[in-house]
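Work through the exercises below with the sequence and the model side by side. Try each task before reading its solution.

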Amino acid sequence: MEVVKSIDGQQFSAIYVVGDLHGCLSLLMQELKKINFDFQNDLLICTGDLVDRGNENLECIGLLDEPWFSTVRGNHEEMCIRAPVDHKIKDIHARNGGQWFYQLSLTRQSEISTRFQQLPLVIEVQLKNKKIGVVHADIDIHDWNAFKKDILQGDYKISGITSAYSNALWGRGRIRQQSAHYDSVENIDEIYLGHTIVKEPIKVDNCYYIDVGSSFTKKLCIVKVQ
């Protein structure tokens with residue numbers, strides 16, 4: 001698995017970032033039509049959580065085969081991966097929109113889980129005059145390079161410390177401002193995140209939260225970054 005995926009933005013005419021999809025493929029296609037998305041030359045990067053809650057989960061997984069689409073792993077993909085070995089996670093997942101997954105055959109579940117394991121936790125894109133990052137949930141390390149290094153350590157367990165890996169999938173600290181220790185992240189210009197639903201896109205330091213609710217609100221936020 002490539003934990004950090006680097007993309008050369010020069011290869012694409014335009015690059016967009018979209019918030020969590022949660023099984024809403026029709027909604028996505030409708031929004032891409034509005035912005036005249038060019039499927040031959042543009043790139044769309046998602047903040048993760050392709051599945052659960054909406055009704056088009058397998059269709060959203062199909063996006064992983066499209067050359068114009070890329071995504072980081074969200075906590076809902078992580079739950080699909082961990083459920084077979086963690087009953088607590090399976091229970092939480094089933095209660096949070098994951099029932100469709102357990103109605104599939106075990107073989108199909110295993111195929112999807114393997115596919116999700118290949119998704120990066122971080123995507124960084126070098127554009128003409130800036131570098132952007134995409135992470136699912138949260139980042140609490142103030143240096144992008146240190147964050148990337150830490151995330152490679154995996155989900156370590158140290159009392160009183162949350163791993164960058166766990167934070168990237170589940171964290172909400174920065175947007176909830178639970179403490180004053182947050183600051184802009186150095187060595188990256190902009191970071192796009194999902195996970196926490198916001199009424200409208202919100203900027204906290206140099207982090208942009210763009211999950212406007214998809215399956216709940218029938219809305220998606222798509223930001224053009226190049």
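**Exercise 1. Which element gives the most to the lining of the largest pocket?**

Solution. S4 gives the most, with three residues, where a strand is a DSSP run of E with at least two residues, a helix is a run of H or I with at least four, and both are numbered from the N terminus. A pocket is an open set of points on a 1 Å grid over the protein atoms alone, where a 1.4 Å probe fits and protein lies on both sides within 12 Å along at least five of seven lines; lining residues have an atom within 4 Å of a point. The model is predicted, so local features need pLDDT of at least 70 and side-chain atom pairs pLDDT 80 or more, while totals for chains, interfaces and linings use all residues. Residues are numbered from 1 along each chain as its sequence is written, and side-chain values use heavy atoms, without hydrogens and water.

Next, find the lining residues of the largest pocket, among them Glu2, Phe69, Ser70, Thr71 and Arg115. Strand S1 (4-8) and strand S4 (69-71) are the elements that give two or more residues to this lining.

**Exercise 2. How do the axes of H3 and H4 cross?**

Solution. Begin with helix H3 (residues 75-82) and helix H4 (residues 87-102), whose axes come within 10 Å and cross at roughly 95°; axes are lines fitted to C-alpha atoms, for helices over the stretch in contact, and angles run from 0 to 180 degrees between N-to-C directions. H3 and H4 are therefore roughly perpendicular to each other, a label for angles of 65 to 115 degrees.

Then look at the contact, meaning heavy atoms within 4.5 Å: His76, Met79, Cys80 and Arg82 in H3 meet residues of H4 that include Ile89, His93 and Tyr102.

H3 also gives the most to the lining of the second largest pocket, with three residues, and His76 is among the residues closest to the centre of that pocket.

**Exercise 3. Which strands stand at the edges of the open sheet of four strands?**

Solution. First write down the order, S4-S3-S2-S10, which has mixed pairing; two strands pair if DSSP finds at least two bridges between them. S4 and strand S10 (222-224) stand at the edges, each with a single partner strand, so one side of each is left without a neighbour in the sheet.

Inside the order, strand S2 (residues 15-18) and strand S3 (residues 43-46) pair in the parallel sense over four bridges, and valine 18 has cysteine 46 in S3 as its bridge partner. Finally, locate helix H1 (residues 25-34), which lies across S2, S3 and S10 and runs at about 35° to S10.

Key
Angles under 35 degrees count as roughly parallel, over 145 as roughly antiparallel, 65 to 115 as roughly perpendicular and the rest as oblique.
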